[in-house]
Amino acid sequence: EPDPFWKSKKVLITAGPTREAIDPVRYFSNHSSGKMGYAIAEAAAAKGAKVELVSGPTNLEPPPGVVIKQVITAEEMYDSVTASFSEADVTIKSAAVADYRPVETYNQKRKKNDEQWNVELESTKDILKTLGTQKTTDQILVGFAAESENVAYFAKDKLERKNLDLIVANDISADGAGFNHDTNVITIFNKHGQEQAFPMASKKQTAEHILEAIKSYTEEQH
Ligand code: PMT
């Protein structure tokens, strides 16, 4: 239901994977379904926030009352997110953005032969890092970390390096956590060194935990 804190907020959320084309029929991507980001968008809109959802390709219906921007590649997600960022009070980056893309995209389908095929990859732009450098003191920036080992260490490292306020770490080696599941297992770390671990919960419930953590963090700042 509506919440006075969220009613006054513009929230920018990213969700889903990106796809990086090799040729007209092939691409690199990952297992993100978009469920986590869409659940956050739906929950924030239900609380009365103005929500913009920048989504990579998913099979999900956009939640009611949410402005949706559909993108395919990491570059398109970068352009869309950086264009909207200055307007957002809270930005939540749950998308699984491709870290690498093919250096070359073929215009025609590449023919099969008996040779090995080595595809050369180059880094995509780190959207979250860019936002961290542009962030004003009034803006809250929340990242995600999908890790399979040393979860707390890598999450805290990302929090600091990318100048985030909060980071949501999912241990993707845990049962019922991370990509494509309907549940998640998260720990939320904030800039002040506080951390909160949650037992396995539905992504809908996890979205509530994340929004609640953002609200208490913001209220403690002021
Ligand atoms: O979509 P679901 O199936 O529901 O799964 C949810 C999820 C597992 C994808 C989600 O909970 C999650 O963890 N998202 C982040 C996955 C990820 O790519 O983590 P990362 O550690 O590689 O990236 C760290 C952060 O940097 C993320 O906030 C990511 O959005 C951001 N990033 C990464 C690369 C890049 N080029 N630009 C970015 O902004």
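# Briefing on a predicted protein–ligand model

Lysine 109 is exposed, with 11 other C-beta atoms within 10 Å. This residue belongs to a predicted model, which scores ipTM 0.97 and pTM 0.97. The protein has an average pLDDT of 96, and 100% of the residues score at least 70.

**Annotated positions**

- An unreviewed UniProt entry assigns the feature "binding site" to Asp99, Lys109, Phe144, Lys158 and Lys162. These positions span 64 residues of sequence and are also spread in space, with up to 37.9 Å between C-alpha atoms.
- Lysine 109 sits in the loop between E7 and strand E8 (121-123). Apart from neighbours within four places in sequence, lysine 109 is in contact with Asp23, Pro24 and Val25.
- Aspartate 99 is found in the loop that runs between strand E6 (90-93) and strand E7 (100-102). When residues up to four places away in sequence are not counted, aspartate 99 touches Ser123 and Thr124.
- Aspartate 99 has 14 other C-beta atoms within 10 Å and is therefore partly exposed. Lysine 109, with 11 such atoms within 10 Å, is exposed.

**Surroundings of the ligand**

- There are 26 residues around the ligand, and those that come nearest are Ser33, Lys35, Met36, Ile127 and Leu128. Helix H2 (35-46), helix H4 (127-134) and strand E9 (140-147) are the elements that give two or more residues to this shell.
- Strand E9 provides the largest share of the shell, 4 residues.
- By residue class, the shell around the ligand comprises 11 nonpolar, 10 polar and 5 charged residues.

**Paired strands around E4**

- Strand E4 (residues 50-55) is mostly covered, since 5 of its 6 residues are buried.
- Strand E1 (residues 10-15) runs parallel to E4 and is joined to it by 6 bridges. Within this pairing, isoleucine 13 has leucine 53 of E4 as its bridge partner.
- E4 is also joined to strand E5 (residues 67-70), again in parallel, by 4 bridges. Here valine 54 stands opposite lysine 69 in E5.

- Leucine 166 lies in strand E10 (residues 166-171). Because it has 24 C-beta neighbours inside 10 Å, leucine 166 counts as buried.
- Leaving out residues up to four places away in sequence, leucine 166 touches Val142, Ile188, Phe189, Asn190, Ala213, Ile214 and Tyr217.
- Leucine 166 and alanine 95 are 71 residues apart along the chain, and their C-alpha atoms are separated by 15 Å.

**Two asparagines with positive phi**

- Asparagine 150 has a phi near 45°, a positive value in a residue other than glycine. Its place is in the loop between E9 and helix H5 (151-161). With 10 other C-beta atoms within 10 Å, asparagine 150 is exposed.
- Asparagine 180 has a phi near 70°, which is likewise positive in a residue other than glycine. This asparagine 180 is located in the loop between E10 and strand E11 (183-184). Asparagine 180 has 11 C-beta neighbours inside 10 Å and so counts as exposed.

Key:
Residues numbered from 1 in each chain as written. Predicted model: local features only at pLDDT ≥ 70, side-chain atom pairs only at ≥ 80, totals over all residues. Near = placed C-beta within 6 Å. Nonpolar A, V, L, I, M, F, W, Y, C, P; charged D, E, K, R; others polar. UniProt positions renumbered as here; feature names shortened; annotations may be inferred. Buried ≥ 20, exposed ≤ 12 C-beta atoms within 10 Å, placed from the backbone. Contact = placed C-beta atoms within 7 Å. pLDDT = per-residue confidence, 0-100. Pairing = 2+ DSSP bridges.
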